[in-house]
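Keep the model open as you read.

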Amino acid sequence: MKINRCIDDLAESYLFAEIAQRTEKFAAENPDKKIIKMGIGDVTLPLAPVVVDAMKAAADEMLDRETFKGYPSYEGYEFLRSAISGYYRSFGVDVGADEIFVNDGAKSDCGNIGDIFSLDSTVLVTDPVYPVYVDANMMAGRRIVYARGTKENAFCAMPDESVHADIINLCSPNNPTGAAYTYEQLEKWVEYALKNDAVILYDSAYEAFISDGKPRSIFAVKGARECAIEFCSLSKTAGFTGMRCGYTVIPKELCRDGHNIGKLWYRRQSTKFNGVSYPVQRAAEAVFTPEGQRQTRENIKYYKRNAKLITDTFDRLNYSYTGGTNSPYIWVECPNAMSSWEYFDYLLKKANVVATPGEGFGECGKGYMRFTSFAAYEATAEAMERILALENDI
Ligand code: PLP
């Protein structure tokens, strides 16, 4: 018996372990210091009341023989797919309910979609990168090429016409950089994908944070229906990280190599996936009601208020950064040419603040730090005051 040797090639997932270890050591040596965590990648506000009410009502239905539900359909209940389709329409994008596949979160589908593509495919990912795209393809043994995100392109990596790719992973607004693509930039990616007969895998998990008119879906761009799949999630939109519900959109006309991609994905899902629970799908449906939208947007406003505190601080310090406007992430260039880990240790020691070293997200993350806006407002304000107080120290 042999294991999949490609797993040996995965980088050790040491980033968060190393952060925890350094933080714990500092806390043990300095028990009087109050450490503030600005690296949290999970939401912290509770679910919206409409969501919980819908889940409770659905749980009650499971008590009654007449309304009890067994296995859900592979692609999700029609009521939820219609609600998602209506949501897309609310920002001017036409996506049919029959083009939507409900799932247990975007991470699963971002990783699993590879099942329907050849192992010979070349995968393009942008750097810095959400590690799932890289690791999932490395496990499958695919060749990976990188498009570099740098200060010069404001961390919006663009295609290199001389490089061929079959699969293109894009994430906008981006984790970790917080940068979001414009219509014109996405048009260039669509053009490149069509020229290469490639498929764009577009992760829009943070679309609900967009507030400056940038595209909230790849399908807002002409030609995308012929070359893109979109992954979205209720995790950050509605605080569903512990509920587990997302959706994948595959346009009807998307075909490659003589196959309809939506049909292939349905075949894959029906083999390895048995759907999302009824109460969670009812809770998800509630997110897309007018009251659900109102309540969930309140939480996003809260995080965005934190993000503004963070960007105001770095503006005052004159640090270079991206993100914060359309994203819960703020991606900051470390001052004084410090490395990510040097700045990490400096912040921990001098401000008792923990953020995430950018080099954990790829080569292009070296010398950067990711701050998140998911901490409590008061803690965020205090962390920023402490960082501001170091203005003359650096
Ligand atoms: N995509 C990106 C870019 C993310 O940052 C995350 C979560 O952090 C996910 C997908 C995963 O989301 P889900 O909770 O829906 O699996």
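A cavity is a set of points, on a 1 Å grid over the protein atoms alone, where a 1.4 Å probe fits but cannot get out. Grid points are joined across faces, edges and corners, and a volume is the space filled by probe spheres set on the points. By this rule there are three cavities of 30 Å³ or more. The largest cavity holds about 90 Å³ of space.

The model is predicted: local features need pLDDT of at least 70, side-chain atom pairs count only at pLDDT 80 or more, and totals for chains, interfaces and linings use all residues. Residues are numbered from 1 along each chain as its sequence is written, and side-chain values use heavy atoms, with hydrogens and water left out.

**Ligand site**

- The ligand sits in the largest pocket. A pocket is an open set of grid points with protein on both sides within 12 Å along at least five of seven lines. Sitting there requires more than half of the molecule's atoms to lie within 2 Å of the pocket's grid points.
- The shell around the ligand has 14 residues, each with a heavy atom within 4 Å of it. The closest are Ala106, Asp203, Tyr206, Ser233 and Ser235.
- Helices H4 (106-112) and H7 (234-237) each give the shell at least two residues. Helices are DSSP runs (H or I, at least four residues), numbered from the N terminus.
- By class, the shell has six nonpolar, four polar and four charged residues. Ala, Val, Leu, Ile, Met, Phe, Trp, Tyr, Cys and Pro count as nonpolar, Asp, Glu, Lys and Arg as charged, and the others, Gly among them, as polar.

**Polar contacts** (pairs of N or O atoms within 3.5 Å)

- A polar side-chain atom of Asp203 is 2.6 Å from a ligand nitrogen.
- For Ser233, a side-chain N or O atom is 2.5 Å from a ligand oxygen.
- For Ser235, the distance from a side-chain N or O atom to a ligand oxygen is 2.6 Å.
- The protein covers 91% of the 400 Å² of accessible area that the ligand has on its own (Shrake-Rupley method, 1.4 Å probe).

**Cavity linings** (residues with an atom within 4 Å of a grid point)

- Residues lining the largest cavity include Thr126, Phe155, Cys156, Cys171 and Tyr181. By class, this lining has eight nonpolar, four polar and no charged residues.
- The second largest cavity has a volume of about 70 Å³. Of its 13 lining residues, Thr237, Ala238, Gly239, Asn299 and Tyr303 are the closest to its centre.
- H10 has the largest share, four residues.
- The second largest cavity is lined by eight nonpolar, four polar and one charged residues.

Note on methods: Polar contact = N/O pair within 3.5 Å; in protein donor to acceptor, adjacent residues only side chain to side chain.
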